[in-house]
Amino acid sequence: MILRNTIAGQLVLLLLIYGRHTLLSSAKTVANEQMSLALPEPRAYLPDAQNLDFVYHDHEELTRFLRATSARYPNLTALYSIGKSIQGRDLWVMVVSSSPYEHMVGKPDVKYVGNIHGNEPVGREMLLHLIQYFVSSYNTDQYVKWLLDNTRIHILPTMNPDGYAVSKEGTCDGGQGRYNARGFDLNRNFPDYFKQNNKRGQPETDAVKDWISKIQFVLSGSLHGGALVASYPYDNTPNSRICRSSALCAMFQTYSAAPSLTPDDDVFKHLSLVYARNHAKMSRGVACKSATPAFENGITNGAAWYPLTGGMQDFNYVWYGCMEITLEISCCKFPPAYELKKYWEDNQLSLIKFLAEAHRGVQGFVFDPAGMPIERASIKIKGRDVGFQTTKYGEFWRILLPGYYKAEVFAEGYAPREVEFVIVEQHPTLLNVTLQASKRIEGVGAGGPSYYRPMQQVPQHYRPGAPPYAAAASTDNGIFSTISNGLNSLYSNIFG
Ligand SMILES: [Zn+2]
């Protein structure tokens, strides 16, 4: 790195890295975000049926809509595929942002995932309408303009196009089309923090895992059907491991409704309430049917509803610190198309206001003493053991409610630091942290510099390569767990 050796070189490098996004633009970001409180609410969208009608779109129609939109709005959208389903359908992601083709330094990436269960396609259609809403409102709606100017929104309308292809409109319950083409439930197919997941990784899941390993998503929503509730991590629980040797006990554990709370429970509850309260009906907590549960304020802890292994939201949170919640937005899994307009009216405000929550809490950069960004610095908010890492530009974000916090910042080759900060309601806190190189140990190593590496001080929670179950022999393959899994799958077939 010859450039690093001169001050002028460093300036050049900084310019290369930041481009037109200098640190000044970070300050601007905060100013923009402060504006969000003063902005008028997003306006109701008057759909233009010429561009997108309220009907279900098959994969070809969905592809055509996304391609046409990206051609028509090249400054607001970018279309990419994260991979293919088993039957070769593209897993399309549309970015909607005022900077669709490049990450905006200092501004968060967020995402929505629809249709992970193929027979729950209301979310798939809602996401298409959300795209249409964003592109057609950018120049006329201040709130949408602010959101797209300050956020990069990635939308994957269907994670399970093969399952959708064999689902039937008007089918409110049941499992046909829920699974991928090999019969796997994709929302049971992710690595799990609490229990070993023996399910073979599927192409759709692998594509999503790869996607979220490359982009540091701050906030995410996964859209489902079969219930009306916002459900937050954890979906799984350590308690279910205690008595897996007894079928009766396993059954009791599965349906004992014990919550499994994360250290960010206050934030997850808040995010869930933002969705539920901006929804036309969800926060009323009315049961879908007499035999199904009613949820207080329209939110629930995932495990308190029913525990599951291999879910996507726990994976997002534990592995990458991405705050993902599960949004169950229709009592009927695949309602008739004439109801879609009503679902859009019910969910429009929620879908927008939820994404804006990425601008709550703390954000900033981690630098080395020369002012260069440090990539993959680990950050942990004290008392919240699930950490997160900086991007290649040294950026980080964490959604936090108002209060006083301490953050621990670690990076290989640098002395760890603890910083204190305050979060207020009105705007995000901008926090830039400079780490000093740790003391060089003389005479160690030959040639290149050797630095003391405070490895023992790096908490093991980050991106757990060796999850807690790894050492334990699996006992999940027995008949009892088969019974319990069977019941669980029956249960989840009924409820989302
Ligand atoms: Zn579902």
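Let us start with Glu-328. This residue is buried, because 27 other C-beta atoms lie within 10 Å, and the threshold for calling a residue buried is 20 or more. Please keep in mind that the model is a predicted one. In the model, Glu-328 sits in strand E8, which covers residues 323-330.

Where does E8 belong? It is part of an open sheet of eight strands, arranged in the order E1-E2-E4-E3-E5-E8-E6-E7, with mixed pairing. At the edges are strand E1 (77-84) and strand E7 (299-301), each of which pairs on one side only. On average, and with direction ignored, neighbouring strands of this sheet are turned by 20° against each other. Within the sheet, strand E3 (residues 109-114) and strand E4 (residues 152-156) pair in the parallel sense, over five bridges. One detail of that pairing is that Asp-109 has Arg-152 in E4 as its bridge partner.

Against this sheet packs helix H11, residues 312-320, which touches strand E5 (217-224) and E8. The direction of H11 makes about 165° with that of E8. How many of the nine residues of H11 are buried? Nine of the nine are, and the helix is thus mostly covered. The largest nonpolar core holds 102 residues, and Val-96 and Ile-155 touch the most other members. Helix H4 (residues 122-137) gives the largest share of this core, nine residues. In soluble globular proteins, nonpolar side chains tend to be buried together.

Which residues does Ile-155 contact, leaving aside its neighbours within four places in sequence? They are Val-93, Met-94, Val-96, Tyr-112, Leu-127, Leu-130 and Ile-131. A second, separate core has six residues, including Tyr-234, Trp-305, Tyr-306 and Leu-308.

Strand E9 (residues 362-367) runs antiparallel to E12, and four bridges join the two. Gln-363 has Trp-397 in E12 as its bridge partner. In strand E12 (residues 395-398), Glu-395 and Trp-397 point one way, Phe-396 and Arg-398 point the other way, and all are buried. In a regular strand the side chains alternate between the two faces of the sheet.

Strand E13 (residues 403-410) and strand E14 (residues 417-423) are also antiparallel, joined by seven bridges. Val-409 stands opposite Arg-417 in E14. E13 and E14 form a hairpin with six residues between them, and Gly-413 in the turn has a positive phi of about 90°.

Methods. Residues numbered from 1 in each chain as written. Predicted model: local features only at pLDDT ≥ 70, side-chain atom pairs only at ≥ 80, totals over all residues. Buried ≥ 20, exposed ≤ 12 C-beta atoms within 10 Å, placed from the backbone. Pairing = 2+ DSSP bridges. Axes fitted to C-alpha atoms, helices over the stretch in contact; angles between N-to-C directions. Contact = placed C-beta atoms within 7 Å. Core = buried A, V, L, I, M, F, W, Y, C linked by C-beta atoms within 7 Å.
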